[in-house]
Amino acid sequence: MDTTFFADIILPLHLRTTFTYRIPNEYDGKIEAGQRVVVQFGAKKLYSGLVRRVHSEVPNYQVKYILSIVDTEPIVGEEQFQLWEWMSRYYMCYIGDVMAVALPSILRLASESMVTIHPDFDGELSSLTDKELRIVQLLSEQPVMKVNDISVAISMQKIMPVINGMIERGILIMDEDLQQRFKPAKATYLSLAPKYQDESEAKQLFDELEKKKNSAKQLGLMLRFMQLSGFGKRAIAKKELASQQDFSASSLATLIKNGVIVAEERTASRLKHYDKITSPDTIELNEEQQAAYDSILSHEGVTLLHGVTSSGKTEVYIKLIQETINRGRQALFLLPEIALTAQIINRLRKYFGNSVGVYHSRFSPSQRAEVWSRTFSEEPDKRFNVLLGARSAIFLPFRDLGLVIVDEEHDSSYKQYEPAPRYNCRDSAVYLANLWKARTVLGSATPSIESYYNTQCGKYALVEMKHRYGGLKLPEVLCVDMKDASRKKEVTGYFSNFLSEHIRQALDNKEQVILFQNRRGYSLRIECEECHWTPQCQHCDVSLVYHRSTNSLRCHYCGYSIPMPTQCPVCGKSNLKTKGFGTERIEDEIAQLFPSARVARMDMDTTMTKNRHLEIISDFEDRKTDILVGTQMVTKGLDFDNVSVVGILSADNLINFPDFRSFERSFQQMMQVAGRAGRHGQQGKVIIQTYNPWHQAVRDVIDNNYAEMYRTQIIERRVFRYPPFNKLIEIILRSREEDLLNTAAAQYAALLREKLSTRVLGPEYPSVSRIRGYYLKRVIVRVEANDRLSQVKQIILDTTDALLAEKDFKQLKIHFDPDPQ
């Protein structure tokens, strides 16, 4: 009797488990873990799911068949599956949530609603409305169309009610069609016909073209083709020839028709080709770098590389990558921001050429899919050996990962907030490296307290680099007491005279300036001077931020926007004033103070378009910009050789934040932005403006004293039982009905306290209590050091299921955030 096989399938949906499908007999032996297959889920929907396991265990329920196979080879490996499963357990989400985030969108196939005219429709148009008539006319020209395409074609967003009405009346029918969205790029390549690769035949051809009348263009094209193709030794892309001056398409067509040139369509890369310029062997490490490199190689686990800014950590990374490649393994280089990748990419490609793959959200879906494929390629000449990217790069399917580098490991951008899984990329990278028995390097000038604590406990190795490369001095940090400066009338706008004078000196010396303000927009809010009305977002519990470039008020949580009002809607007066300041206002004021200076701004508003962040960085590198104003984007690892002054415009905004990590974060951000100054020349200067110059975080920055910051903070956290001594799990409850939310949150916290006692804190409103129309309440569970983490999580999950099972709370939404940032 033949064995019947089944497959457990992961679907990219918010589903708790895998689903079992039967493998048709014709697919026996053709399906294995990691392949995509097409399955039906629900009444009509089709999805591509990933095969997790093939087995012969018969389920005790009726199962559906796998409909077809998408991939001939797996696209995900066993280690990646293990990472996904660990993430779903640790971050308390479903495996489908992880798949939806991990897999490039173009590889996640779902059926799309396809519409066509019903075969029994009698063609009577008189009863149709204008909208219905336009749909019928459109489908007469294109018999089968997606609903989205119809919506775009007739410029109508809410089209489903119209289509549903036409389906009910027998005018249209709808079907589900699974769309394979990723198609390899194709390009035409030109090669010399075998006959003319013989030198005598080629000479005869050129002689004939010279003698023929009206063959001058063909002759010129052949000469250029031979030059580009190495005299016919290699094929060239048609577009390469077409880009040449005096290219003639008709001449090329004639040469192809006459059998001189052979044209063929090939699979082409959507990624640019880069040649290796030099070898990493040319890098000469100084004594401190060499000692760091040797220490890291001597330790097989996790190493924290604590090096001051501009100490030359990148050179150590490059040497480690080279050592990994020499062992035939792959390296993963993680960065917190896409903006940082530009400079690092250029440096890595200089040494590793086309074996460097880059993966982040600014790439097109097709480019991301190609990087995914080449990372997992079985062919060594096609495979990327060095992968560089932001946090999503951790999901790439490696063949043999030997090194993981997490640069700026302290950065909060490594944490994903929405959607689930709400993972910390740094911690997940440590787990991934452990799966592969790979070496892990966490690098930072200002390590997170958790990571540094792990070195003190012996969990991580610690390697320190205490000096700047080349003997450069660390920047001089100066502090301006804004309270005293304001009293003495030594402030213009948001600039103290002291900062303005240093900016002026830098510009006079043809040097550059970075100004840091961790708020975007023009002003934080507007306020009526008469009745103190402040415009609020309709969907969120926040005031609207004024953006001068669009003369609008905008919510930074949901995107809600209104034009700038001319008068107060409450009292009718027009005395509206802006309060607070963001990067846009700084850009405006600095241009007024220094009208001849070239000013650029780098924040989320100015870097939304593709490659705009690269242009801003490139212009600053090339000294086309004198002053760069920015948010935290300018604080992270960027290397500019002509910056002599860095200004921190409001340290108080960083320090005075209601969070137990605010001291640590304000120190890190100030130290990081300070590190942009004086990296390649004379000692730079950092000027901090604050109303509290004696705050300990400011004093630690002035003294460049990470050890003191760590000492005071670790004592405080031990006393108040914060991480790293205890773990925190944040639970957010959401509902559109505030009263329902309050009732549910109180009941939920009471149920948790029955099992977890004083470990449960809350419920309470978070600092922003309503976002996108949902009211929010927060419960925090503190997991003690002697608690079993998995047991506490199971109690939380069971309590959540019990609450949501109640009829009144079925519409409630609850999500979990272990290790909240």
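User: Which residue stands opposite V686 of β31 in the pairing with strand β30 (residues 643–648)?
Analyst: This is a predicted model, where local features need pLDDT of at least 70, side-chain atom pairs count only at pLDDT 80 or more, and totals for chains, interfaces and linings use all residues. Residues are numbered from 1 along each chain as its sequence is written, and side-chain values use heavy atoms, without hydrogens and water. Strands β30 and β31 pair in the parallel sense over four bridges (pairing needs at least two DSSP bridges; strands are DSSP E runs of at least two residues, numbered from the N terminus). The residue opposite V686 is V646.

User: How many bridges join strand β19 (residues 476–481) to β31?
Analyst: These strands run parallel. V477 stands opposite V686 here. The number of bridges is six.

User: Is R426 buried or exposed?
Analyst: Buried means under 20% relative accessible area, exposed over 50%, and partly exposed in between (1.4 Å probe, protein chains only). R426 has 8% relative accessibility. R426 therefore counts as buried.

User: What is the distance between the closest N and O atoms of E370 and R374?
Analyst: The two form a salt bridge (a side-chain nitrogen of Lys or Arg within 4 Å of a carboxyl oxygen of Asp or Glu). Both E370 and R374 are buried. Their closest N and O atoms are apart by 3.9 Å.
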